[in-house]
Amino acid sequence: MNSAAIWILAPIFVGGILFFLQRFEKALVLAGAGLAVVLALLAWYLPIGEALPFLPSITIQDTMFVLGRQFILDDADRPYLFLVYLMVAIWLGGSAAARSGKNLVPVGLIVSGLLTAALAVEPTLYAALLIEMAALVSIPVLAPPGKPASRGVLRFITFQTLGMPFILLSGWLLPGVVSDPPSQRVITAIVMLMLGFALLIAIFPFHSWLISLAGEVNPYAAAFIFFCLLSTVSKFGIDFMHHLEWLRDYAPLYSILRLLGILMIFTGGLWAAFQRHLGRMLGYAMLVIVGSCLLASSLGAPAAALGAASSTAASPATGLFFAFFLPNGLALAAWALSLSIFKNQTENLTYRSVQGLAYTLPVASAGLLAAHFSLASLPLLAGFPLYSAMFSSLSHSAPSTVILAMLGVGGLLAGALRTLAVLITSPNASPAWSMTETRLQVIFIVTAIFLLFVMGLFPQLYIPLLSALIP
Amino acid sequence: MPEVDWLPLMSVLLVIASSFTLLINPAWQTSLVALSIQYLGVFILVSNVLPLGIAAVKLVAGWMAGIVLAMSISGLLRRVAVPQDVSAISRDSLGQSDSLAGSPGWQTRSGRAFRLLTGLLVGMAGLSLAPQLTDWVPKLSIEQAWGSVILLGVGLLQLGFTIQPLRTILGLLTFLAGFEIIFATAEPSALVAGLLAVINLGLALAGAYLLMVDTLGESA
């Protein structure tokens, strides 16, 4: 038995089969989410490269060979696999409540398999090709049948396809060992790598596709695909940096990451503060998430990169980067689910259209606001402990930049307050309360709100697990 | 007098002519023929560095991408024509419409002249940059560098000029074709060639889907 067969081939294969069973919608969601839960549990319990505790004759091999290339998922990858498939299970489970189309479950499984393959493949430059394939597979979810293709989808394909060559070329250009100072070839490779990442995960100034996508297509599908891409590309980037010792100790890289992170948090938050479309507001929140990922990864500079004596150990702040995964993913899912419920009931997601919706969709409104406030780092919610840890760490390494980052988060908070005001201001003089969400929608949103509070109040429950993902 | 190898030069001319046709001509039939000629040029350029079988994969994948797009457009025209019993003239007008041609202004004479001029500017800039590319990728010949930078530049220009699915996909295929010439020289691997062929086909399928998506059945 092979780890790649379990966590790469199985979801792709099952996703392929489920494409042809779209008539049975409930069974489809159950099968897809069920498989993702099983894969998460297998990642939690099954050791890789050792005999199974209950079946000593069987060992799960960590390497699969395909046409001379290797797909390696070893024991160190298990926490990440657990987290990824847990999040996929939550998203796919919620797809029935979001009514995001029948394609989401099969496509979600295939995309998860392809993105896991991107992290496992050696040499790593092949990852860019697999990420591009995942982006292409996700098109049916972003452009559902019966509606014209939106500009956001075309921009999405364009940016994903333009990003791939940069990563392929940088993988080819980058040498394993570099003498100091780095040559022009190395600088070129790093610039190409950063351009590739910027195009793939909507880093400034290549972020327009994300805002377009969030504003035009089903918010749940857009947020799911974006979250999958962001987590994979971020993990790929962190692994890439740790794989090349010289790159890990290259101090200017961390300065650039920090600058981009702060720029994205600041501009994303600022735009969110003045936004009047809830879909686009989600897009700006996603920009802030990307910015916080970049900022957290810049705080993981090892001592050598900071000018200390040679050290290869990553700083504890690297754990912060991974700690963002779960609360951000959960808040994004709750936000996107609530927006999908809004979208099923209103013409569009402008402030004018959603005015007073809290009276007819109180649970969805609460879910949207809880998620928004969590991403805006409101105390008691899941985002707060992580943002405060990040700002605290940043205040030691770059104190002048903390203000800009805090202003950005403040902008997101202002956007949340404006949304709250719009949702509770009904055009009618005496609005009547009613709850029009389905039972399934209520269950998902209430659970998400509960978890956001639990993660905010007891961060010690999950942060050690996520910090274990440090390469 | 040194002996001149005419085949790579001819293939560069093929690539220039076909990519400029894609940039200027609004008719989808002509564009798809130009796309197939473009892949013929790419095939000749990469056959110097790749085994003939692997180079042929690029040609076949490119042609298949063109066929996929052609079939989807003809299917789209049939779908529109048959149920509503519209005349051949209406079908022709759909074939020339913005959704297949590019964007408003794509078909006007001034629009074509503008695209030709910008294409020439980008082409000249690309040709002057090509020698530097051969410094970065030492095995890259000057003809390959010319072909690749022209395709990269014209592909990006096409992407900048349109918001329509067909033209966007044609622009992406053109851009990727340019990249494939460079990367075939840098990394002459069968697996990379195969995966890039899959991506070319995937792009064509995505384009075909996006062209027809509004005529397909309603989603849940």
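**Reading domains, interfaces and a sheet in a predicted model**

Me: In this predicted model, how many Å separate the centres of domain 1 of chain A and domain 2 of chain A?

Reply: Taken over C-alpha atoms, the centres of domain 1 of chain A and domain 2 of chain A lie 25 Å apart. The contact between these two domains draws 22 residues from domain 1 of chain A and 21 residues from domain 2 of chain A.

Me: Where do the bounds of the two domains fall in chain A?

Reply: The domain assignment gives domain 1 as 1-122, whereas domain 2 is written in two segments, 214-306 and 314-467.

Me: Which helices supply the side of domain 1 of chain A that touches domain 2 of chain A?

Reply: Helix H3 (78-98) and helix H4 of chain A each contribute at least two residues to that side of domain 1, and H3(A) gives the most, with 12 residues. Sorted by class, the residues of the side of domain 1 of chain A that touches domain 2 of chain A comprise 15 nonpolar, 6 polar and 1 charged.

Me: Is H4(A) largely enclosed or open, and why?

Reply: A residue counts as buried if 20 or more other C-beta atoms lie within 10 Å of its own. In H4(A), 17 of the 17 residues are buried, so this helix is largely enclosed by the rest of the structure. Helix H4 of chain A covers residues 104-120 and reaches 24 Å from its first C-alpha to its last, which is close to the 24 Å expected at 1.5 Å a residue.

Me: How should I read the strands of chain A, and in what order do they stand?

Reply: Strands of a sheet pair through backbone hydrogen bonds, either parallel or antiparallel. In chain A, 3 strands form an open sheet in the order S1-S2-S3, and the pairing is antiparallel. Strand S1 (63-66) and strand S3 (121-122) of chain A stand at the edges with a single partner strand each, so one side of each has no neighbour in the sheet. Between strand S2 (residues 69-72) of chain A and S3(A) there are 2 bridges, and A:Phe71 has A:Val121 in S3(A) as its bridge partner.

Me: How many residues of chain B are in contact with chain A, and which elements supply them?

Reply: The size of an interface is often given as the accessible area lost when the parts come together. Counted by residues here, 26 of chain B are in contact with 28 of chain A. Helix H8 (165-186) and helix H9 (190-212) of chain B are the elements that give two or more residues to the side of chain B that touches chain A, and H9(B) provides the largest share, 9 residues. By class, that side of chain B has 19 nonpolar, 4 polar and 3 charged residues.

Methods. Residues are numbered from 1 along each chain as its sequence is written. Chains are lettered from A and ligands numbered from 1 in the order in which they are written. This is a predicted model: local features need pLDDT of at least 70, side-chain atom pairs count only at pLDDT 80 or more; totals for chains, interfaces and linings use all residues. Helices (H or I, at least four residues) and strands (E, at least two) are DSSP runs, numbered from the N terminus. The expected span of a helix is 1.5 Å times one less than its number of residues. A residue is buried if 20 or more other C-beta atoms lie within 10 Å of its own, exposed if 12 or fewer, and partly exposed in between; C-beta atoms are placed from the backbone. Domain bounds come from an automatic or database domain assignment. Two residues are in contact if their C-beta atoms, placed from the backbone, lie within 7 Å. Ala, Val, Leu, Ile, Met, Phe, Trp, Tyr, Cys and Pro count as nonpolar, Asp, Glu, Lys and Arg as charged, and the others, Gly among them, as polar. Two strands pair if DSSP finds at least two bridges between them.
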